[in-house]
Amino acid sequence: MSGMSRVRADACPGVFATHDAADGPLARVRLPGGAVTAQQMQVLAGCAQDLGDGDVHLTSRGNVQLRGVRQPGLAARLGDAGLLPSPTHERVRNVLASPLSGIHGGLADVRGLAGELDRALCARPALAGLPGRFLFAFDDGRGDVAAEGADVCWRAVTPSSGVVLLAGVDSGAHVPRSGSVSSLLAVAQAFADARGSAWRVGELAEPSVLLPDGPREVPRERAVRVDPTVGRIGQAVGVAPRFGRLTAEQLRVLAESGDAMVTPWRSVLLPAGADVERLHEAGLSTDPATAEITACIGAPGCAKSLADVRADAAVLVPSGEQVHVSGCARRCGRPSGTHRDVVAEGGGYRVDGRWTPASGLADALARRALA
């Protein structure tokens, strides 16, 4: 049934199974739906400061990572804060949800669905064996997280009903909001039973066989809309940490505003009452342009990186388009939407098909912006 064969084990990191990066063990902490309480942010800040490199790194799945981790005590501290509800399921708790749902725009309110799925997922021992890359999503109808390539996604088409997407493709299966969690878990179970060596639904020859009633008529494509998540947005204030990196002290400042939502675009949504002046004093930007330039961790944190991409990207000036700078051809952390792809190569970077030295990177990007 699988359309491809994997020859190595899934090594997606967690807290108990860390990744050996060049700068030390990397631990990934899942935040289903991106939700994190003020108290949990304080705990994460303490863990970063006491047991890691001092920073908390946001990921493209709305999770967080700690780098340079010294293991003793990490799991206990995270567990006490409710960040590790199931040691057996910690790597499979990958759930996206439209972060602005119930705040600004969208057809349906999907708040609470990620948490409901997380609890039901952790209660099913058979699903602990899902690959660490398997991704669930709940889209409120605007198409934001539906565009993030989830293995299975419920996307609203009315306030009370939606369709199931498999590997980002609308299956045509209509499901009420009340049945969305059970439907997504049923697909996950079907995948677990039939996946062979596949890690993702898109690797199956016929993903539609995961649906209870088999293939449906493929509907026309629906619109994708990723609304800005930085700045003042309805009843929220969005913050864009540079390259998705927060110091422990900056995370504590965010916690002063109350519970938050980490987005898949490495921004953080805070309650409307957040003290913007205090955020700015802490070096946290509420300018949407800050999020236009992203970069992987680069050297020296990653042994595969051919350049210190964050140092090189730090001099770039936002120009109204998304730019992602990668240290190698793997392009880790790249945005799913339209963006300019800048990849380290042979002592410089490949930009728009042409090689340029690192010192000429800003000029190479500006040339097309002016064209």
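## Sheet, helix and loop in a predicted model

Five strands, in the order β16-β17-β18-β19-β20, make up an open sheet of mixed pairing; two strands pair if DSSP finds at least two bridges between them. The edge strands β16 (293-295) and β20 (354-357) each pair on one side only. On average, neighbouring strands of this sheet are turned by 25° against each other, direction ignored. Axes are lines fitted to C-alpha atoms, and angles run from 0 to 180 degrees between N-to-C directions. Strands β17 and β18 run parallel and are joined by four bridges, with Val325 opposite Val342 in β18.

This is a predicted model, in which local features need pLDDT of at least 70, side-chain atom pairs count only at pLDDT 80 or more, and totals for chains, interfaces and linings use all residues. Residues are numbered from 1 along each chain as its sequence is written, and side-chain values use heavy atoms, leaving out hydrogens and water.

Helices (H or I, at least four residues) and strands (E, at least two) are DSSP runs, numbered from the N terminus.

| Element | Residues |
|---|---|
| Strand β17 | residues 323-326 |
| Strand β18 | residues 340-345 |
| Helix α4 | residues 180-194 |

Gly196, which follows α4, has a positive phi near 65°.

Asn63 lies in the loop between β4 (55-58) and β5 (64-66). Asn63 counts as buried because its relative accessibility is 2%.

Definitions and conventions:
Expected span 1.5 Å × (residues − 1). Buried < 20%, exposed > 50% of the residue type's maximum accessible area, 1.4 Å probe, protein only.
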